[in-house]
Amino acid sequence: TLWEQGLKEIGKKDVSIELLGSDSETNKKISEYLQGEFTKNLPGLKINIKSVPFAQQLDLNSKKDYDISFCRWGPDYKDPMTYFDMWTSKSPFNQMGFSNPEYDKLISQAGAEFLLDPTKRSDAFVQAEKILIQDNAAILPIYQRAIAYVMKPKVTGLIEHAFGPDYTYKNVVIK
């Protein structure tokens, strides 16, 4: 409904936009999936995929030279702040220029005054997420990465991490 309303407001029946992503095989597949879903669910939308080397994508992102950019982020540490502080007005990772004073205030509170109050901190994150995703559609989380593997019983000591590097091999022993 909102898509159709938007097309009427701009006086067009169709719109073409570019989806920027890196040229890794995984990102190419995700870009193609997004292209299919967007065009299937938003009649009149044409998505042109632009796959470039990752360094070039970062450069285009920093110049804001894109319509939609598809990127991924993995947590550096085990806390929601590893995602939330990226979108504050002054964050160097916020290359799209999203700025919302209430969001900034909530993230500041979650990182300082609410740090030792889990309930208030969680509430601040929930409110910030609503501002970021629902109210402003600044970002659109689309998937959570997972890894599946098979390991022979004679291999022990492999440590799998939920954040940071995928594995630690330091203690691996093959019997």
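Asn61 sits in helix α3, which covers residues 54–62. The model is predicted.

Is Asn61 buried or exposed? Asn61 is buried, because its relative accessibility is 6% and the cut-off for burial is under 20%. Sequence neighbours within four places aside, Asn61 touches Leu20, Tyr66, Ser69, Cys71 and Gln95.

Next comes helix α5. This helix spans residues 101–111. Its buried residues are Tyr103, Leu106, Ile107, Gln109 and Ala110. Viewed down the axis of α5, these buried residues lie within an arc of 160°, so they line one face of the helix. What do the buried residues of α5 pack against? Their partners are α4 and α6.

| Helix | Residues |
|---|---|
| α3 | 54–62 |
| α4 | 81–84 |
| α5 | 101–111 |
| α6 | 118–135 |

Last, a pocket. The second largest pocket has a volume of about 150 Å³. Which residues line the second largest pocket? Its lining consists of Leu2, Trp3, Phe38 and Leu42. By class, the lining of this pocket holds four nonpolar residues, no polar ones and no charged ones.

Definitions and conventions:
Residues are numbered from 1 along each chain as its sequence is written. This is a predicted model: local features need pLDDT of at least 70, side-chain atom pairs count only at pLDDT 80 or more; totals for chains, interfaces and linings use all residues. Side-chain values use heavy atoms; hydrogens and water are left out. Helices (H or I, at least four residues) and strands (E, at least two) are DSSP runs, numbered from the N terminus. Buried means under 20% relative accessible area, exposed over 50%, partly exposed in between (1.4 Å probe, protein chains only). Contact means heavy atoms within 4.5 Å. The arc is that of the directions from the helix axis to the C-beta atoms. On a 1 Å grid over the protein atoms alone, a cavity is a set of points where a 1.4 Å probe fits but cannot get out, and a pocket is an open set with protein on both sides within 12 Å along at least five of seven lines; lining residues have an atom within 4 Å of a point. Grid points are joined across faces, edges and corners, and a volume is the space filled by probe spheres set on the points. Ala, Val, Leu, Ile, Met, Phe, Trp, Tyr, Cys and Pro count as nonpolar, Asp, Glu, Lys and Arg as charged, and the others, Gly among them, as polar.
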